[in-house]
Amino acid sequence: MLDPFDRRISYLRVSVTDRCDLRCVYCMAEDMTFLPKKDLLTLEELDRLCGAFIDLGVDKIRLTGGEPLVRRGVMQLFQSLGSRIGGGGLKELTVTTNGTQLPKMAEDLFKAGVRRINVSLDTLDPTTFANVTRWGKLDQTLDGIFAAKAASLAVKINAVALKGVNEHEYDRMIAWCGEHGFDLTLIETMPMGDISGDRTDQYLPLSEVRRRIARNWTLLPSSHVTGGPARYETVQETGRRIGFITPMTHNFCESCNRVRLTCTGTLYMCLGQEDAADLRAPLRDPTVDNAGLQDAILSAIARKPKGHDFVIGRSQRPSVGRHMSVTGG
């Protein structure tokens, strides 16, 4: 699949639920109203849609949320998609998680074909962790991370850079990731959804973060790519990679190869734009076969914009009204 700017679309991110067992301050309001369960696609429907994308050339799928591992029966979807790795057209199946469910699910994820995961961890301080997640327990996420490592899953830590919250911790996190064999990616906060707060108070440009990190660590160029938006360097002292996702200071749109499917069957061609395509209607129309479903997908890809227009400022409303948990992180 090629979009209007000749970018090959090979990466599908699928939000299997908008629900989460945490309430991170940059992602959700504390008192969230979640979608009624009746509005969600079934796991079988999500599987069929993913299959249509794979047949059109998507070779990497990441399951996200919300927190994807809280969806009941989700392992069924992992197993079905995992069976398509290799001869079925899929090269990689991954997941982004907050880690809380990994102690009981990490081994099953590996058996299903997952080989690497992203775990959201913004701080190594228990009190800060509780404040950022509003009620999470750091030990629960750490237990999940080490359960994943024990299950032979490669772990990458995702940390959102938050001004005045965790900006003093990056040296500690780099050292901790180096000690345990994890890569680390830092992410700028994005203006998505009403979070009951001012994002200007949270926003920390990663250009400044990188400058601070370079005082104490030697950052070497890296050609490593994962198909995602991060730009990687290697930390010479630890041998691990550090990635920077910079939608605000340096957007990654020129190389965008991804689209996002929500748990309701809405396809967003760009994280930072509201234009979307309804795939639930053709999916549930008994007169539409797989070829018709693929036509609907191709029609949507033909509308993929060149890039997003994220802006953060005290006078600015969120650039995108929907929460990240709806779109899929």
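The crossing of H3 and H5 is right-handed, a term applied when the near helix is turned clockwise from the far one by less than a right angle. The model is predicted, and local features need pLDDT of at least 70, side-chain atom pairs count only at pLDDT 80 or more, and totals for chains, interfaces and linings use all residues. Residues are numbered from 1 along each chain as its sequence is written, and side-chain values use heavy atoms, without hydrogens and water.

Helix H3 (residues 102-112) packs against helix H5 (residues 138-150) at an angle of about 20°, their axes being 8 Å apart; axes are lines fitted to C-alpha atoms, for helices over the stretch in contact, and angles run from 0 to 180 degrees between N-to-C directions. H3 is therefore roughly parallel to H5 (angles under 35 degrees). Helices are DSSP runs of H or I with at least four residues, and strands are runs of E with at least two, numbered from the N terminus. The contact (heavy atoms within 4.5 Å) involves Leu102, Pro103 and Ala106 of H3, together with Asp143, Gly144, Ile145, Ala147 and Ala148 of H5.

An open sheet of 12 strands shows mixed pairing, in the order S7-S8-S9-S6-S5-S4-S3-S2-S1-S10-S11-S12, where two strands pair if DSSP finds at least two bridges between them. Strand S7 (219-221) and strand S12 (276-278) are the edge strands, each pairing on one side only. Strand S8 (residues 231-235) pairs with strand S9 (residues 241-245) in the antiparallel sense over 4 bridges, and Ile242 in S9 is the bridge partner of Glu233.

Key. Angles under 35 degrees count as roughly parallel, over 145 as roughly antiparallel, 65 to 115 as roughly perpendicular and the rest as oblique.
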